[in-house]
Amino acid sequence: MVTRKEVAILAGVSEATVSRVFNGVGPMREKTKQRVLEAAETLNYHPNAIAQNFARRRSGNIGVVLPYVPKVHIFSTYYFAEVLSGIGEQARNSGYDMLLMFRTPGEENDYSRLFRSHKVDACILLGATDTAQERAELAKLHENGFPYCVVNQHFPGAEFNLVDADHVEGSYQAVRHLIAGNCRHIAFLNGSVQYSNSGDRWLGYLRAMKEAGLLEAHVNIPAEMPAGLYYEGNYSRTSGYKAASAMAPHIERIDAVFASNDRMAIGLIQGLREHGFQPGRDYAIIGYDDSDAARVTDPPLSSVAVPFFEMGRIAAEQVIGRLNADDNVRMKPIGVKLDTRLVVRRSCRLEGTRF
């Protein structure tokens, strides 16, 4: 194995100079730098990555913080699988490893500690919620200029580093499509209100319904909704299944259902079938995420496609790009919002509609 000393002898410099060249530490004359690089190439010298990172006080890791929920197989969910794949691809292409870390929702989390301990060089947060404690921890990251990014969650009134999707427009287009097919009584199965994308889907639903004159202008919160049109789950299939029991007594006067994700939509379909109601016959339904499962339901589930893979990739690209950036770049908030797209399948086709 070629050593740093051999490179130094061939280049006519000290071992310390060779170290500074490969670690990017301190000022260096370009001519000297080129002599060292040419000597290294001649001898086929490759510096030890662990030693390099230690010299730079870097770990070589991009940290990804995930919520820990007992009995939930988080890696089997389409959202997390796609976002993590996007992060992983960008990290690998940029020469970084991905370090997964779990947090328990509701518990205090000192994200800054990950940087102070040199465990990670940059950090991406998934499954974040809009709480006072979460805002306080993100504010610490931002004020200290740490390279971090939150995916699929935004915080009204605060400027944090975010990569999100246009869930208001995605929801609006889904409900508009149902309305265009002559559906008038459209129920809404929303997700947990602690997530901003649940609020965004609610806003898109309200906008479409009010524009069509199907809801009174004063309706702004779920409690003001007509009976039988609003339901809430937690984005799991089980919560969609449970919602079916609450919806079943009203289903004969419901034309369609818009569900905030595919897992809840599939659970709802399963539950309503047990009550004798068939999607595409007794009611139309549109889900959200355009997961793999949407293509294999019976009938195939219409859904709003969200570019989760690209969201993860961009988040990783942004934080890695800030590692060597100057302070002005690092303090400027990341604000990326990607488009969504409605994918129409048979689940929202009913006799007498115009789908």
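Throughout these legends, a residue is called buried with under 20% relative accessible area, exposed with over 50%, and partly exposed in between (1.4 Å probe, protein chains only). What you're looking at is a predicted model, where local features need pLDDT of at least 70, side-chain atom pairs count only at pLDDT 80 or more, and totals for chains, interfaces and linings use all residues. Residues are numbered from 1 along each chain as its sequence is written, and side-chain values use heavy atoms, with hydrogens and water left out.

View 1. Start with Phe75, which sits in the loop between strand 1 (61–67) and helix 5 (78–93). Helices (H or I, at least four residues) and strands (E, at least two) are DSSP runs, numbered from the N terminus. With a relative accessible area of 45%, Phe75 is partly exposed.

View 2. Side chains of opposite charge can pair when their charged atoms come close. This view shows the side chains of Arg103 and Glu134 meeting in a salt bridge, 3.9 Å from N to O. The pair ties together distant parts of the chain, 31 residues apart: Arg103 belongs to strand 2 (residues 97–103), and Glu134 to helix 7 (residues 132–143). Both Arg103 and Glu134 are buried. A salt bridge here means a side-chain nitrogen of Lys or Arg within 4 Å of a carboxyl oxygen of Asp or Glu. The whole structure holds 14 of these salt bridges.

**View 3. Arg313 and its two partners in helix 12.** Here Arg313 pairs with Glu310 in a salt bridge of 2.8 Å, N to O. Arg313 also meets the side chain of Glu317 in a salt bridge, this time at 3.5 Å, N to O. Because Glu310 and Arg313 are three residues apart in helix 12, about one helical turn separates them. Arg313 and Glu317 are four residues apart in helix 12, again about one turn of the helix. Arg313 itself counts as buried, at 18% relative accessibility. Its two partners are partly exposed: Glu310 comes in at 29% relative accessibility, and Glu317 at 36%.

**View 4. A four-residue network of charges.** Salt bridges can also join up, and here they link Asp290, Asp292, Arg295 and Arg345 in a network.

View 5. Follow the loop between strand 9 (284–289) and strand 10 (302–305), and you'll come across Pro299. The peptide bond leading from Asp298 to Pro299 is cis, and its omega is near -5 degrees.

View 6. Asn182 isn't a glycine, yet its phi is positive, near 75 degrees. Look for Asn182 in the loop between helix 8 (167–180) and strand 6 (186–190). Asn182 is partly exposed, at 37% relative accessibility. Tyr235, also not a glycine, has a positive phi of about 75 degrees. The loop that holds Tyr235 runs between strand 7 (230–232) and helix 10 (237–247). With 14% relative accessibility, Tyr235 counts as buried.

View 7. Glu211 lies in helix 9 (residues 196–211). It is partly exposed, with a relative accessible area of 48%. Arg176 is 35 residues from Glu211 in sequence, and their C-alpha atoms are 9.3 Å apart in space. Glu15, for its part, has its place in helix 2 (residues 15–23). At 35% relative accessibility, Glu15 counts as partly exposed. Between the C-alpha atoms of Glu15 and Lys5 there are 5.7 Å, although the two are 10 residues apart along the chain.
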